[in-house]
Amino acid sequence: METQAPAEDSYDKLVEEKRAREKEIDAWLPITSSRNAKWWYSAFHNVTAMVGAGVLSLPYAMAQLGWGPGVVILILSWIITLYTLWQMVEMHEMVPGKRFDRYHELGQHAFGEKLGLYIVVPQQLIVEVGVCIVYMVTGGKSLKKFHDLVCKDCKSIKLTYFIMIFASVHFVLSHLPNFNSISGVSLAAAVMSLSYSTIAWSASAAKGVKENVEYGYKAKSTAGTVFNFFSALGEVAFAYAGHNVVLEIQATIPSTPEKPSKGPMWKGVVVAYIVVALCYFPVALVGYWMFGNSVEDNILETLEKPAWLIATANMFVVIHVIGSYQIYAMPVFDMMETVLVKKMNFRPSWYLRFVVRNFYVAATMFVGMTFPFFGGLLAFFGGFAFAPTTYFLPCVMWLAIYKPRRYSLSWWTNWICIVFGVCLMVLSPIGGLRTIIIQAKDYKFYS
């Protein structure tokens, strides 16, 4: 009996050491290191994540969808994504004493250790990395537009250089350690999104309805109209793509059994969704009403005057996209750092973080400079990855975990969302791919 005690002691010691190491790693990783966020952090993080530059392409999407289908799809998307967001907020702490701090952890609980990772991680990475690349392009384009409007006699500068200028900000900001440390950037971004959306629709309304405005479909052939319709579905899906960072945002809110984090989180989400409605519906409807099917894929390009106002709106877009990029990059940093520290046993240190994050910013900058076909990319990514993670993956998890009674209200609601989301996922990349092919024909690399 004597010999057994030391063996047990050393085993306990090992367990303790392992726990201490895991605690130390969690205190270092960006998602779990800081849990003192207030409910309003949730509000502006969600606004920054949701209201992206995608809002500026909504009038163009309306022109491809037409009045009836366009309004229905916009409203349906708003309702469905609010419902799936509510599900994610509820599922964050459904196991007593445990928090699903990351989207893939919830996936593993719903589908099993291995399968959960295989289902969630690729989709989440496509969304987050895709958004970062698209925002590199958007930031560069808006800077270029600002430069061209403010300085009409200046020498023209390539878009490539503007993307580099935009990326230079991220080489600095990416070293903020966690979600709470980017809350100032995120708040500025949320205010900017409301500002440029308001400029977009109020300047359109001030211009009045264009002479000989047409609301019919732009494409001459039936095939063109159908493909454009599919592509517009992807643009709408892209506009409602904030769910990929919801659990990660909720992980920053403190939680106790008496006061779970879902209370303050949901309060923030409701405020965020009111702001989303104030941004999306006026821009989409007023923009389309004023310009009809002649609207560009970025409404600010259609509005050329007054130059100072449009230049200001473009600068607001730049500031907003800086915050959005950071919100979407943070979970990617978390994944990369987790793999390096937990799987490859690197020591958590500032230089590991320095190398990882600079590499990521450089990679997204390079891809953005190489393929800046903005509209087509939006539709392609929008359908391919945003529809699953936003429209129906939360519903599938809900059905897998809670198993609601067949044909009950919850069962029907979830299945309707799943069918709608699957249609979006299948149809919109087709339109997006066609747009990319058409735009790529006369494209010169790094022009």
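Trainee: What makes Arg99 count as buried or exposed?
Mentor: Keep in mind that this is a predicted model. Buried means under 20% relative accessible area. Arg99 has 15% relative accessibility, so Arg99 counts as buried.

Trainee: And Glu93, is that residue buried, exposed or partly exposed?
Mentor: Glu93 has a relative accessible area of 23%.

Trainee: Which residue does Arg357 form a salt bridge with?
Mentor: Glu337, with the closest N and O atoms 2.9 Å apart. The two link distant parts of the chain, with Arg357 in helix H14 and Glu337 in helix H13, 20 residues apart.

Trainee: Are Arg357 and Glu337 buried or exposed?
Mentor: Arg357 has 0% relative accessibility, and Glu337 has 0% too. The cut-off is under 20%, so Arg357 and Glu337 both count as buried.

Trainee: What about H13 as a whole, why is that helix called mostly covered?
Mentor: Of its 37 residues, 27 are buried.

Trainee: How far does H13 reach, and what span is expected?
Mentor: H13 covers residues 307-343 and reaches 53 Å from its first C-alpha to its last, close to the expected 54 Å.

Trainee: Where does H13 bend?
Mentor: At Ala329, by about 30 degrees, and Pro331 follows within four residues.

Trainee: Which element gives the most to the lining of the largest pocket?
Mentor: H13 again, with eight residues. That pocket holds about 840 Å³ of space. Its lining has 28 residues, and those nearest the centre include His104, Glu105 and Thr338.

Trainee: How many residues in the lining of the largest pocket are charged?
Mentor: There are 14 charged residues, alongside nine nonpolar and five polar. Asp, Glu, Lys and Arg count as charged, so Glu105, a lining residue, belongs to that class.

Trainee: Which residues is Glu105 linked with in a network of salt bridges?
Mentor: Arg102 and Asp334.

Notes
Residues numbered from 1 in each chain as written. Predicted model: local features only at pLDDT ≥ 70, side-chain atom pairs only at ≥ 80, totals over all residues. Heavy atoms only, no water. Expected span 1.5 Å × (residues − 1). Bend = angle between axes of the 7 residues up to and from the residue. Buried < 20%, exposed > 50% of the residue type's maximum accessible area, 1.4 Å probe, protein only. 1 Å grid on protein atoms, 1.4 Å probe; cavity = no way out; pocket = protein on both sides within 12 Å on 5 of 7 lines; lining within 4 Å. Points joined across faces, edges and corners; volume = space filled by probe spheres on them. Salt bridge = Lys/Arg side-chain N within 4 Å of Asp/Glu carboxyl O.
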